[in-house]
Amino acid sequence: ADPLIIYPCINEQSAEWAQKVSDERIKVWKEITRKMKIGDMDEVPQLKEYIIATYGDQIHDKSSLASVFNTNDGFKGFRCPMKRVDGGWTLNFQNRYFVEDIPEGFCVYKGIADLAGVKTPAIDKILGFFQKFMNFEFIRDGKLKGRDVGRTKAPQAFGITTLDEYINGTSRISQSKL
């Protein structure tokens with residue numbers, strides 16, 4: 001297998017991290033539904049079940065989360081965000097997986113979690129690790145309040161500071177961000 005192809009290389013440890021993030025997302029949704037009296041607490045599915053429902057027969061081994069990732073024909077060909085350097089390969093922190101997915105994905109999850117009052121140790125650890133290599137500061141002191149929050153799509157980048165503002169649209173959102 002090509003070592004630069006992502007999904008065939010997913011092992012149980014990688015799957016555990018994906019599951020931790022999924023669990024945190026579910027916890028955030030449950031807290032939003034409890035606090036705001038909206039939606040159904042079970043609306044956000046478990047990661048493995050979601051992938052199976054989405055890809056069905058494209059998955060050849062549905063026995064574990066790792067196997068759902070690494071035997072999924074729908075995930076074939078996705079390459080690691082790497083670039084060649086003298087003597088081999090290194091992570092390319094200019095790849096969209098970093099410059100788009102982190103500020104427009106992970107930071108959004110983290111921002112909503114902060115508004116909902118839900119701790120996200122897995123998301124915090126991942127963001128804290130990668131932000132150093134990206135030369136950004138998204139989280140500080142366990143909250144999405146670093147100097148580069150304005151570069152994200154998180155609610156905080158738009159001046160939203162409470163869950164009510166986020167859900168009910170009662171914030172005065174900065175027009176410069178729209």
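User: What classes of residue line the largest pocket?
Analyst: This is a predicted model. In it, the lining of the largest pocket has 30 nonpolar, five polar and four charged residues.
User: And what volume does the largest pocket have?
Analyst: About 1700 Å³. Of the 39 residues that line the largest pocket, I6, Y7, I10, A18 and F106 are the closest to its centre.
User: Which elements give two or more residues to that lining?
Analyst: They are α1, α2 (47-55), α4 (96-99), α5 (101-116) and α6. The most comes from α1, which gives six residues.
User: OK, the second largest pocket. How much space lies in it?
Analyst: About 190 Å³. Its lining is made of 14 residues, with R25, V28, W29, Y109 and I112 nearest the centre.
User: Which elements are behind that one?
Analyst: Two or more residues each come from α1, α5 and α7 (163-168). The largest share, five residues, is from α1. By class, this lining divides into eleven nonpolar, one polar and two charged residues.
User: Switching to helix packing. At what angle do α1 and α6 pack?
Analyst: Helix α1 (residues 12-36) and helix α6 (residues 121-134) pack at about 120°, and their axes are 8 Å apart. The two helices are therefore oblique to each other.
User: Which residues make the contact?
Analyst: On α1 they are W17, K20, V21 and E24, and on α6 they are P121, A122, I123, K125 and I126.
User: How do those divide by class?
Analyst: Six of the residues in the contact of α1 with α6 are nonpolar and three are charged, with no polar ones.

Technical notes:
Residues numbered from 1 in each chain as written. Predicted model: local features only at pLDDT ≥ 70, side-chain atom pairs only at ≥ 80, totals over all residues. Heavy atoms only, no water. Axes fitted to C-alpha atoms, helices over the stretch in contact; angles between N-to-C directions. Helix = DSSP H or I, 4+ residues; strand = E, 2+ residues; numbered from the N terminus. Parallel < 35°, antiparallel > 145°, perpendicular 65-115°, else oblique. Contact = heavy atoms within 4.5 Å. Nonpolar A, V, L, I, M, F, W, Y, C, P; charged D, E, K, R; others polar. 1 Å grid on protein atoms, 1.4 Å probe; cavity = no way out; pocket = protein on both sides within 12 Å on 5 of 7 lines; lining within 4 Å. Points joined across faces, edges and corners; volume = space filled by probe spheres on them.
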